[in-house]
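Student: I would like to go through this structure step by step. Please show it to me first.

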Amino acid sequence: MKDRLEVFASWLKNYKSNNYDPYTEGVLETQIRQNHDATIQKIGDYLEEILAMDDEQIDNELKQK
């Protein structure tokens, strides 16, 4: 399961929108698309960070809830 999550994290980190038209996309649409991409990539970063934690770190995070 961890291998699958590592692949998923990699996909998220390398995500980039392909569905845009540079000739008709305005400044606001460009910002929204770029922020969307950055959010997906950040989720990938968080997932990688969690996967790199050892059991003790995970337990400590769960206790902080």
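**Helices, core and salt bridges**

Tutor: In α2, the residues Arg33, Asp37, Ile40, Gly44, Leu47 and Leu51 are buried. Buried means under 20% relative accessible area, exposed means over 50%, and partly exposed is in between (1.4 Å probe, protein chains only). Helices (H or I, at least four residues) are DSSP runs, numbered from the N terminus. This is a predicted model, where local features need pLDDT of at least 70 and side-chain atom pairs count only at pLDDT 80 or more, while totals for chains, interfaces and linings use all residues. Residues are numbered from 1 along each chain as its sequence is written, and side-chain values use heavy atoms, with hydrogens and water left out.

Student: What do the buried residues of α2 pack against?

Tutor: Packing is judged here by contact, which means heavy atoms within 4.5 Å. By that rule, the partner of the buried residues of α2 is α1 (2-13).

Student: How far apart are the end C-alpha atoms of helix α2?

Tutor: The expected span of a helix is 1.5 Å times one less than its number of residues. Helix α2 covers residues 27-52, which is 26 residues, so it should span 38 Å. The model agrees with this, as the end C-alpha atoms of α2 are apart by 37 Å.

Student: Which residues is Leu51 in contact with, leaving aside its neighbours within four places in sequence?

Tutor: Leu51 is one of the buried residues of α2, and it belongs to the largest nonpolar core. With sequence neighbours within four places left aside, its contacts are Lys2, Leu5 and Glu6.

Student: Is Trp11 buried or exposed?

Tutor: Trp11 is found in helix α1. The relative accessibility of Trp11 is 62%, so it counts as exposed.

Student: How many salt bridges does the structure hold?

Tutor: A salt bridge is a side-chain nitrogen of Lys or Arg within 4 Å of a carboxyl oxygen of Asp or Glu. One of them joins the side chains of Arg33 and Glu25 (2.8 Å, N to O). The total in the structure is 3.

Student: Which residues are linked in a network of salt bridges?

Tutor: The side chains of Lys13 and Asp45 meet in a salt bridge at 3.2 Å, N to O. Lys13 lies in helix α1 and Asp45 in helix α2, so this pair ties together parts that are 32 residues apart in sequence. Glu48 also forms a salt bridge with Lys13, with the closest N and O atoms 2.9 Å apart. The network therefore links Lys13, Asp45 and Glu48.

Student: What is the relative accessible area of Glu48?

Tutor: Lys13, with a relative accessible area of 31%, is partly exposed. Asp45 also counts as partly exposed, at 31% relative accessibility. Glu48 is partly exposed as well, and its relative accessible area is 36%.

Student: Over which ring does the charged end of Arg33 sit?

Tutor: Arg33 is found in helix α2 and is buried, with a relative accessible area of 15%. Not counting residues up to four places away in sequence, Arg33 touches Ser17, Tyr20 and Glu25. A charge sits over a ring if NZ of Lys or CZ of Arg is within 6 Å of the ring centre and within 35 degrees of the ring normal. At 3.8 Å from the ring centre, the charged end of Arg33 sits over the ring of Tyr20.

Technical notes. Helices (H or I, at least four residues) and strands (E, at least two) are DSSP runs, numbered from the N terminus. A nonpolar core is a set of buried Ala, Val, Leu, Ile, Met, Phe, Trp, Tyr and Cys residues joined through side-chain atoms within 4.5 Å.
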